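I want to keep a notebook of what I look up here, going from the whole chain to its sheets, then to single residues and to the contact between the chains.

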Number of protein chains: 2
Amino acid sequence: MRNLTEEVKAILDAPNGVEEIVDNIGHLQPYDMALLLEELDYDRQQQLIDLLPIDLATEILEYLEPETQYRLLHHSSEERAMALLQTLPSDTTVDLLLAIHPRQAEVLLTWLPGEYRERIDTLMTFPEDTAGSLATVDFIAAREGWTVGRTLEHIRKVGRRAEIVSYIYVLNARGQLVDVVSLKEIIFAPPETKLADIITNSPIVVNAHSDQEEAARLLSQYDFLAIPVVDDTNRLVGIISVDDLVDVIQEEATEDIQKLGGSEPLVESYLKTPVLTLFQKRVWWLLVLFFAEAITGNIMRHFEDALTEVIALSFFIPLLIDAGGNTGSQTVTTLVRALALGEIQVEDTLQAVKKEMSTGLLLGAVIGSAAFIRAQLMGGTVNLGPVVGISAFFIIAWASTVAAVLPMLLHRLKVDPAVVSGPLITTLVDGVGILVYFSVAKIILDIG
Amino acid sequence: MRNLTEEVKAILDAPNGVEEIVDNIGHLQPYDMALLLEELDYDRQQQLIDLLPIDLATEILEYLEPETQYRLLHHSSEERAMALLQTLPSDTTVDLLLAIHPRQAEVLLTWLPGEYRERIDTLMTFPEDTAGSLATVDFIAAREGWTVGRTLEHIRKVGRRAEIVSYIYVLNARGQLVDVVSLKEIIFAPPETKLADIITNSPIVVNAHSDQEEAARLLSQYDFLAIPVVDDTNRLVGIISVDDLVDVIQEEATEDIQKLGGSEPLVESYLKTPVLTLFQKRVWWLLVLFFAEAITGNIMRHFEDALTEVIALSFFIPLLIDAGGNTGSQTVTTLVRALALGEIQVEDTLQAVKKEMSTGLLLGAVIGSAAFIRAQLMGGTVNLGPVVGISAFFIIAWASTVAAVLPMLLHRLKVDPAVVSGPLITTLVDGVGILVYFSVAKIILDIG
């Protein structure tokens, strides 16, 4: 029973009928009611949703998975299901309609009033991960010619449905967004003021086809509670509220972390993901890396003679390839995150690469010195110190550089830089590392 | 000129005096004004802040670094500086006071009115990264005995200063939080309704001493715009608004990503971080891992005889230790993120470890088979296929298990699990990997 509050657990533990549950949950938050509902069997879930007032039932539905939402709507009376669907926030409705079978979605769409159905239709056209796909049409719009008094009246009339009452979106006659005015400004302005006199004419907007990360970035930069989404002609398509973007921000970070770790991102939460799915998300990358790594083995085979002559050379292989991999992993995670946050742009490529090369040279000098001492102590009669030290220096500098160039390059090519994971960099620098190591050994030790 | 909009660039490019700038920035967002200000020299920064209306100057100050805030306040007239400081949101004031020298902070504190100063003093006591340290006292509070009408009057009086007007915090006579009522509910209720009749009595709160991540988690679960922060006796200390928590969520994800990559988290944004700082943040972990990895070298030395006998054994060392490291990296990043999101709790330890072991066994079987074929093809006369295949299987299963147990253990010990980075796991499983490999080789090939 995940994250259930003590109150929810108490209600579930008591041997209650659904009527008693309804009587006892009045003080809970809708989110907790949704968690409680998920613990019930299908029959009692249905009874609960059917017994609660429409507004509350809708708020609970919002927190459920589309499949559950559909099941509950489907088994309600048509009249009630229609009422629920019409009260559901428009972004939740869009997610629901896109998740179920198109035929089922068609039926549900006919339950919506004409104009609203058209707007939902529009929202459904935006591809996943675009700003448009997150938008809701439950905002408060006003015309630029209106007075503050008329606007307040309008807010009282439609505000109950709005997702965010803090902002009023001012449109011109063509439906284009002229400005965003805060509720505060409206409340504190004299009623006869025209909206046109309050507005300043340069709202921050996001295009419906932009990436959802762009919306998240703007919202967190400007500290807004919602950001308007417009089409190419600047007409207001909808708004994205900050709570929806918080989920996006969390998801994007989760995906990046999983990719950087070398697996495909999970769709569901960890405990809900079956072992077979975990396996599938990881095995392909492991196989790709395995085949790439096979090249390193081939390179080593070329140095069989050198290895045979100085077997102690092999003792430092794990140390050297790990030093390269670790440095590369440090660089790539830092850069990929900075790119995701918009801290680095394409035009900063050169600066970033220079920075990582310089850092790599410094790190190489330190670890190279440590490696020199270690090898000197361990090498016995053979002069391994310089070989291992110099190799470590080059491998680390090389790893930093590659780990800087690759994500910057992918970013420029508009490919997600997070595919350059720590494991991928490790594998990529291994071959060169081995090559450097044995070449240095052959020169210094005069072998092979 | 990072992230400057075209409009800001145009203003900066024109050879304008500060007066012209003031005339031209009316349509900009305060955030963009702050970016513009940062591009000016100190003198013109000061003139700009001194020329703008107090409210706007404060909004710009909010986006600046504490050092810049202090410099601008310090060089304003005392009267204006006092006005600016008193208009600044309380959480910004707290950050400023904590960032500057305590003596300077003392002077600034004397500029604040008595009761407000005390509240700022309280906020300053909460350690960094606690919910209390993020709280602002700029919220709208009402008494439970008030009517809706009286509350609305109060909102009109104090609302201008409030960070979030969407929620009204209802307190009892002891200052304890009774409930949170939304502005919507107030606007739509008849004016004579008592607040006590609207409230439902179980607000979601966060303790001032809780970790800030707890606040972020609650806020994103419940989709609130702000969350109340209370002390141990349930008295309202302040609120945290969602836009501040968005920053926390981004920062925490950034820190986790950088730690998982094997470096200490950066404090400043990437381009602002000098090479020497990058170096310092990375070199310690590299050294720690270097010394840990030295053990692997020692283990290998014990198998010198086996290696001398079958030199081809060394060809598969990079492949095997990378396979272990990569699998470990996949597991650890997935688990650390799931822990950060609260998807896994302490009591799920066993389930998570079982899941990772099962996944590891499957992955081990697949990569082990690939390794068997590869080694068989490459091994020549020696029967290396079974040695490499069996070793790969065990190493991968072992890596998954270690990479699952360690973060879960640290989480249980209340240590940040993200210190178990991909590089750390790689290093930790290397020694065992080498041990397994040569032991299997000795048995199957009957050597050493």
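**Entry 1: what pairing requires.** Before I read any sheet, I note that two strands count as paired if DSSP finds at least two bridges between them. In general, the strands of a sheet pair through backbone hydrogen bonds, and they do so either parallel or antiparallel. I also note that I am looking at a predicted model.

**Entry 2: a sheet in chain B.** With that cut-off in hand I looked up strand β5 of chain B, residues 226–230, and found that β5(B) pairs with β6(B) in the antiparallel sense over 5 bridges. As one instance of the pairing, I wrote down that B:V230 has B:L236, in β6(B), as its bridge partner. I then looked for what packs on this sheet and found helix α16 of chain B, residues 242–260, which touches β5 and β6 of chain B. The direction of α16(B) makes about 70 degrees with that of β6(B). Stepping back to the whole sheet, I see 3 strands in the order β4-β5-β6 (chain B), forming an open sheet with mixed pairing. Which strands stand at the edges? They are β4 (206–207) and β6 (236–241) of chain B, and because each has a single partner strand, one side of each is left without a neighbour in the sheet.

**Entry 3: a sheet in chain A.** In chain A I looked up another open sheet of 3 strands, in the order β1-β2-β3, whose pairing is mixed. Its edges are held by β1 (140–143) and β3 (177–182) of chain A; each has a single partner strand, so one side of each lacks a neighbour in the sheet. From one strand to the next, I note that the twist averages 30 degrees. Strand β2 of chain A, residues 167–171, runs antiparallel to β3(A) and is joined to it by 5 bridges, and within this pairing A:V170 has A:D179 of β3(A) as its bridge partner. Across β1 and β2 of chain A lies helix α12 (residues 148–158), which runs at about 150 degrees to β1(A).

**Entry 4: chain A as a whole.** I counted up the elements of chain A as 22 helices and 6 strands. Its radius of gyration is 30 Å, well over the 22 Å that the globule rule gives for 448 residues, so chain A is more spread out than a compact globule. Along the principal axes, the C-alpha atoms of chain A fill a box of roughly 90 × 60 × 40 Å. Of the 448 residues in chain A, 49% are buried. I also looked at contacts in chain A between residues at least 6 apart in sequence, and 69% of these join residues at least 24 apart.

Entry 5: I picked A:L339, which lies in helix α19 (residues 317–340) of chain A. Is A:L339 buried or exposed? It counts as buried, because it has 23 C-beta neighbours inside 10 Å. Leaving out residues up to four places away in sequence, A:L339 touches A:I344, A:P407, A:H411 and A:P417.

Next I looked up A:K414, in the loop between α21 (384–412) and α22 (422–445) of chain A, which has a positive phi of about 60 degrees although it is not a glycine. With 7 C-beta neighbours inside 10 Å, A:K414 counts as exposed. B:D223, in the loop between α15 (212–222) and β5 of chain B, also has a positive phi, near 55 degrees, and is not a glycine. B:D223, however, is buried, with 20 other C-beta atoms within 10 Å.

**Entry 6: where the chains meet.** I found 102 residues of chain B in contact with 102 residues of chain A. On the side of chain B that touches chain A, the largest share, 16 residues, comes from α19(B). That side divides into 48 nonpolar, 36 polar and 18 charged residues.

How are the two copies related? A rotation of 180 degrees, with 0.0 Å of shift along its axis, superposes chain B on chain A with an RMSD of 0.1 Å, and the copies are therefore related as by a two-fold rotation axis. The same surface serves both copies, since 100% of the contact residues of chain B recur in chain A.

Methods:
Residues numbered from 1 in each chain as written. Chains lettered and ligands numbered in written order. Predicted model: local features only at pLDDT ≥ 70, side-chain atom pairs only at ≥ 80, totals over all residues. Helix = DSSP H or I, 4+ residues; strand = E, 2+ residues; numbered from the N terminus. Contact = placed C-beta atoms within 7 Å. Axes fitted to C-alpha atoms, helices over the stretch in contact; angles between N-to-C directions. Buried ≥ 20, exposed ≤ 12 C-beta atoms within 10 Å, placed from the backbone. Nonpolar A, V, L, I, M, F, W, Y, C, P; charged D, E, K, R; others polar. Least-squares fit on C-alpha atoms with pLDDT ≥ 70 in both. Rg over C-alpha atoms; globule rule 2.2 N^0.38 Å.
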